[in-house]
Amino acid sequence: MSDSEPNSSEGRIVVLSGPSGSGKTTIVNRLIACAPVRLVKAISATTRPPRLGEAHGEDYYFLSLDEFQRRLDNQEFLEVAEVFKSGYWYGTLKSELDRAWQQRAWALLEIDVQGALQVLERYPAALTIFLRTSSEEEYAARLHGRGTEPGDVIRRRLETAREELKNAGRYRHQVVNDDLDRAVAEISDILQNRERELDA
Ligand code: 5GP
């Protein structure tokens, strides 16, 4: 199937990537509340333990390594990646796409660059958006400001972010998140335009 003629459901995948601290989670929540198209967030599976306040089936499906591996062997994942060289696995279950499409909604995937490239292999028409801060200094300041991660974790994340930025050009769109409202509006426009194309 060519990129210009996606099956209308298959086109309705939006992948949002960007370094942690680039405001992804806030933007995702805002988009789900007020985007001009219906969005369902794909809940990722992960082997990392839950953080305080995180719930299974809401923030992630928290799986043991054995269970994750079993589902991987069973070909239940659209994409998987070991993120931040942390030893933890993350992945999008194919069933999450169906959950969104059954509701006639777009599936929104908040995943890393490795995952995004795998999604594009399977669904070349997926809408990919890379969220970036305007400068590395600003990004580092945000990570430090958040104060939730120890120094070595922050250093690793900055390294990952530098690597990810090298891949930003492989995304269909890049959105700078200096101003939250502006970034949400820009992504909303991108979604609306794409929806019109798919409906045409
Ligand atoms: P955290 O552990 O802070 O919740 O997430 C770390 C990173 O994992 C996020 O920046 C996010 O992009 C990435 N991530 C979350 N879920 C998935 C997933 O299903 N697949 C991939 N490839 N990356 C994910």
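Visitor: Which element gives the most to the lining of the largest pocket?

Guide: That's α1, with five residues. This is a predicted model, so to speak: local features need pLDDT of at least 70, side-chain atom pairs count only at pLDDT 80 or more, and totals for chains, interfaces and linings use all residues. Residues are numbered from 1 along each chain as its sequence is written, and side-chain values use heavy atoms, with hydrogens and water left out.

Visitor: Which elements each supply at least two residues of that lining?

Guide: α1 (24-34), β5 (77-82), β6 (89-93), α5 (136-146) and α6 (151-166). Helices (H or I, at least four residues) and strands (E, at least two) are DSSP runs, numbered from the N terminus.

Visitor: How much space lies in the largest pocket?

Guide: About 880 Å³. A pocket here is an open set of points on a 1 Å grid over the protein atoms alone, where a 1.4 Å probe fits, with protein on both sides within 12 Å along at least five of seven lines; lining residues have an atom within 4 Å of a point. The volume is the space filled by probe spheres set on the points, which are joined across faces, edges and corners. Of the 36 lining residues, K24, T25, R51, Y60 and E110 are the closest to the centre.

Visitor: OK, new topic. Where does the ligand sit?

Guide: In the largest pocket, meaning that more than half of its atoms lie within 2 Å of the pocket's grid points. The elements that give two or more residues to the shell around the ligand are β5 and β6, and β6 gives the most, with three.

Visitor: Which residues are the closest to the ligand?

Guide: S44, R48, Y60, Y90 and D112, out of 17 that surround it, each with a heavy atom within 4 Å.

Visitor: And what lies 2.5 Å from an oxygen atom of the ligand?

Guide: A polar side-chain atom of Y90. R51 also has a polar side-chain atom 3.0 Å from a ligand oxygen, and for G91 a backbone N or O atom lies 3.2 Å from one.

Notes
A polar contact is a pair of N or O atoms within 3.5 Å; within protein, one must be able to donate a hydrogen and the other to accept it, and residues adjacent in sequence count only if both atoms are side-chain atoms.
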